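Hi,

Here is the structure I promised to pass on.

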Amino acid sequence: MAQITAALVKELRETSGAGMMDCKKALNETDGDIQAAQDWLRQKGLASAAKKAGRVAAEGLVAVSTGENSAAVIEVNSETDFVAKNEQFQTYVTNTAGVAIEVADFDALKAAKYPGSEKSCEETLTELVGTIGENMNMRRMEKLSVSNGVVASYIHNATGEGLGKIGVLVALESTGDKDKLNGLGKQIAMHIAATNPLSLDRNSVNPEDVERERTVLIEQAKEAGKPEEIAIKMVEGRMRKFYEENCLLEQAFVIDPDTTVGKAAEALGKELGTDITVTGYVRFELGEGIEKKEDDFAAEVAAAAGA
């Protein structure tokens, strides 16, 4: 039996929105498994169907860089937000994002020469750590390209040109007017920043996520006293809603909630006399999935005092 700590209960409460005692019971029922406890709470109707999200803890910057038919987004972490506002750090992140547009993947980016230097981007960051006196690291990079069309970008909570807390890329394949494609692409990127979709479309949803959602919904129906065969039929309707809420092309467009993102692309395509296909997207949110150590200041003082 896993030890159910106060920290574990607190984490479940923050991610599920359920009450403290319900969270403790859920963890006891699932032997301390956070994911299973979230599902248990949902099955009992004690938590909302929230998307799984990592705890945002790390500081630093997300940056985007765009080229003619491609764009890249990177994340570089620092220990404090103070360093994220440092001009040297911001210059490094901006320049490294510019290099990202020219390389194939993250490993190539780390090994690539930093602009104006014989050292690599990774080595340059190591030097910057010594200069600034705070730990920093290159965390990740993604790149999107199109054969025809545009890769639009958007930065949310911008702290500088192409720098901020959330970076989004959207690839649109089309032979249409690039200015209008970029306009739509930026709107879709803003939508993605706000909604954080699970996938592009139904076909790209992780089968494990689909099965997990279906299982939770069936158990909810059973908890409501429905026979299994009726519960399964009810779930089909709820799964349609799941796709509409989580698949980018089926989501209500935040710019115009009366249409979907997919329909908005179709409408512009008709206006331009050509097809527009949203082929992919990338969304980086600063620090997502990184757990940050939370220091207990009171405990530190007590320890220093010999208590």
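First, a term: I call a residue buried under 20% relative accessible area, exposed over 50%, and partly exposed in between, using a 1.4 Å probe and protein chains only. On that basis, 43% of the 307 residues in the protein are buried.

A word on where this comes from. It is a predicted model, in which local features need pLDDT of at least 70 and side-chain atom pairs count only at pLDDT 80 or more, while totals for chains, interfaces and linings use all residues. Residues are numbered from 1 along each chain as its sequence is written, and side-chain values use heavy atoms, with hydrogens and water left out.

Now the overall picture. The protein has 12 helices and 9 strands (DSSP runs numbered from the N terminus: H or I of at least four residues for helices, E of at least two for strands). Taking contact as heavy atoms within 4.5 Å, 65% of the contacts with a separation of 6 or more are between residues 24 or more positions apart. The protein exposes about 16400 Å², with 48% of that supplied by carbon and sulfur atoms (Shrake-Rupley method, 1.4 Å probe; for residues, only the protein chains shown count as cover).

Next, the sheet. Four strands form an open sheet in the order β3-β2-β1-β5, with antiparallel pairing (two strands pair if DSSP finds at least two bridges between them). Its edge strands are β3 (136–145) and β5 (163–164), each pairing on one side only. Strand β1 (residues 59–66) pairs with β5 in the antiparallel sense over 2 bridges, and A63 has L163 of β5 as its bridge partner.

Helix α5 (residues 87–100) packs on this sheet and touches β1, β2 (70–78), β3 and β5, with its direction at about 145 degrees to that of β2. Helix α7 (residues 121–132) also packs on the sheet, touching β2 and β3, and its direction makes about 145 degrees with that of β3. For these angles, axes are lines fitted to C-alpha atoms (for helices, over the stretch in contact), and values run from 0 to 180 degrees between N-to-C directions.

What about the cysteines? With a disulfide taken as a pair of cysteine sulfur atoms within 2.5 Å, the count is 0. C23 is buried because its relative accessibility is 0%, and C121 counts as buried at 0% too.

Lastly, E228 sits in helix α10 (residues 228–246). E228 counts as partly exposed because its relative accessible area is 46%. Its C-alpha atom is 7.7 Å from that of I218, 10 residues away along the chain.

Cheers
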